[in-house]
Amino acid sequence: MKKTRFLRILAIAVALMVVCGCALAEGGFVDKVEAVNGAINSFAWGPIMLVLLVGTGIYITIRIGFLQVRKFGFIMRNTIGSIFKKKAKDNGKNLTPFQAVTTALAGTVGTGNIAGVTGAIFVGGPGAVFWMWVSAFFGMCTKYAEIALAMKYREKDENGAYHGGPMYYIRNGLGKSWTWLAVIFAILGGLACFGIGNIAQSSEIAGALNGLFGMKPLVSGIILAVLVAIVVIGGVKRIGQVTSYLVPFMSIFYILCGVVVIIMRIGDIPGVLGSIWAPRPSPTRLPPPRSPWSRPCGACSRCSSTPSSSAPSPR
């Protein structure tokens, strides 16, 4: 009963954040949030944090003997390959391996692989691709360590559903005296989910629909809120079921589009690879990339030279 009530409250909160994100896309509030967020990110994601993240990945990779290479076949058989396996019966409360994979991919394809990569290349130049390859390779073992800890220290409730994550292995792994850190992580993680997982995406969707089809952001926000609420109220199992149907098609479409672009520009591949490996001086500090549907702020030279229209032509 308590869990159902919590899910309803969470769905309402998420829906409100989605509507707010779409409504705020009409004004300059999102641009101000991006400016503040950029200042914070420049500190939080500075050299020290990047060294710690990549360094931790290198350390774990060496300690466990390059697991991402040695066990690559096993990983593929038990994730993507699980599509073709007969599903084992459970209590209906937990995700299958494939649903877990698609749920993770749902928050990665698009937000990270398109927007994140584009922003990295825009700011750091083609050489940023190489460092993304390096961090991704060693980051596999960092993610493996996180999942292993989550599995070891997860908890099972009275309904047979498992609950885990950093807040659980901080408390259960480090000891009860570290409960305060687990609570702080849970609170900050929850707040980050509202901003990262709702406002930014819903604002971009609203801006795209408004620019391409003239749909008002408030209308698209309400539609998104209803769809999100239907999924979230069903709990983690419903989320896994929805992503298991949507994400494969989304991923296939994403990969096919990438292959088509590569084929169309096949002659440019040697030059692209050369630009990635070529040594380059440190790039000058550039403003963060703006959405093509965002209104110009008028405060910088890049925006002052931009036409005043709030959306690109559908052509």
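Which helix gives the most to the lining of the second largest pocket? The points below take this up after a word on the model.

1. Basis. This is a predicted model, in which local features need pLDDT of at least 70 and side-chain atom pairs count only at pLDDT 80 or more, while totals for chains, interfaces and linings use all residues. Residues are numbered from 1 along each chain as its sequence is written, and side-chain values use heavy atoms, with hydrogens and water left out.

2. Pocket. It is α12 that gives the most to this lining, with 7 residues. The second largest pocket holds about 530 Å³ of space. Of its 18 lining residues, Gly 258, Val 259, Val 261, Ile 262 and Val 272 are the closest to the centre. At least two lining residues come from each of α7 (111-124), α12 (235-264) and α13 (269-277). Helices here are DSSP runs of H or I with at least four residues, numbered from the N terminus. A pocket is an open set of points on a 1 Å grid over the protein atoms alone, with protein on both sides within 12 Å along at least five of seven lines, and lining residues have an atom within 4 Å of a point. The volume is the space filled by probe spheres set on the points.

3. Lining by class. The lining of the second largest pocket has 13 nonpolar, 3 polar and 2 charged residues. Ala, Val, Leu, Ile, Met, Phe, Trp, Tyr, Cys and Pro count as nonpolar, Asp, Glu, Lys and Arg as charged, and the others, Gly among them, as polar.

4. Phe 130 and Trp 277. The structure holds 5 aromatic pairs. In one of them, the ring centres of Phe 130 and Trp 277 are 5.0 Å apart and the planes stand at 55°, so this pair is tilted. Rings pair if their centres lie within 6.5 Å; planes under 30 degrees apart count as stacked, over 60 as edge-to-face and the rest as tilted. Phe 130 is partly exposed at 23% relative accessible area, whereas Trp 277 is exposed at 56%. Buried means under 20%, exposed over 50% and partly exposed in between, with a 1.4 Å probe and protein chains only.

5. The rings of Phe 137 and Phe 138 have centres 5.1 Å apart and planes at 80°, so the pair is edge-to-face. Phe 137 is partly exposed at 29% relative accessibility, and Phe 138 is buried at 17%. Together with Phe 66 they form one aromatic cluster. Phe 66 lies in the loop between α3 (47-63) and α4 (67-70) and is partly exposed at 38% relative accessible area. Its phi is positive, about 55°, although Phe 66 is not a glycine. Most residues other than glycine have a negative phi.

6. Cys 141. This residue is in helix α8 and counts as buried at 2% relative accessibility. The C-alpha atoms of Cys 141 and Gln 68 are separated by 6.7 Å, with the two residues 73 apart along the chain.

7. Ser 220. This residue lies in helix α11 (residues 217-233) and counts as buried at 1% relative accessibility. A polar atom of the Ser 220 side chain lies 2.9 Å from the backbone oxygen of Pro 217.

Definitions and conventions
A polar contact is a pair of N or O atoms within 3.5 Å; within protein, one must be able to donate a hydrogen and the other to accept it, and residues adjacent in sequence count only if both atoms are side-chain atoms. On a 1 Å grid over the protein atoms alone, a cavity is a set of points where a 1.4 Å probe fits but cannot get out, and a pocket is an open set with protein on both sides within 12 Å along at least five of seven lines; lining residues have an atom within 4 Å of a point. Rings of Phe, Tyr and Trp (its six-membered ring) pair if their centres lie within 6.5 Å; planes under 30 degrees apart count as stacked, over 60 as edge-to-face and the rest as tilted.
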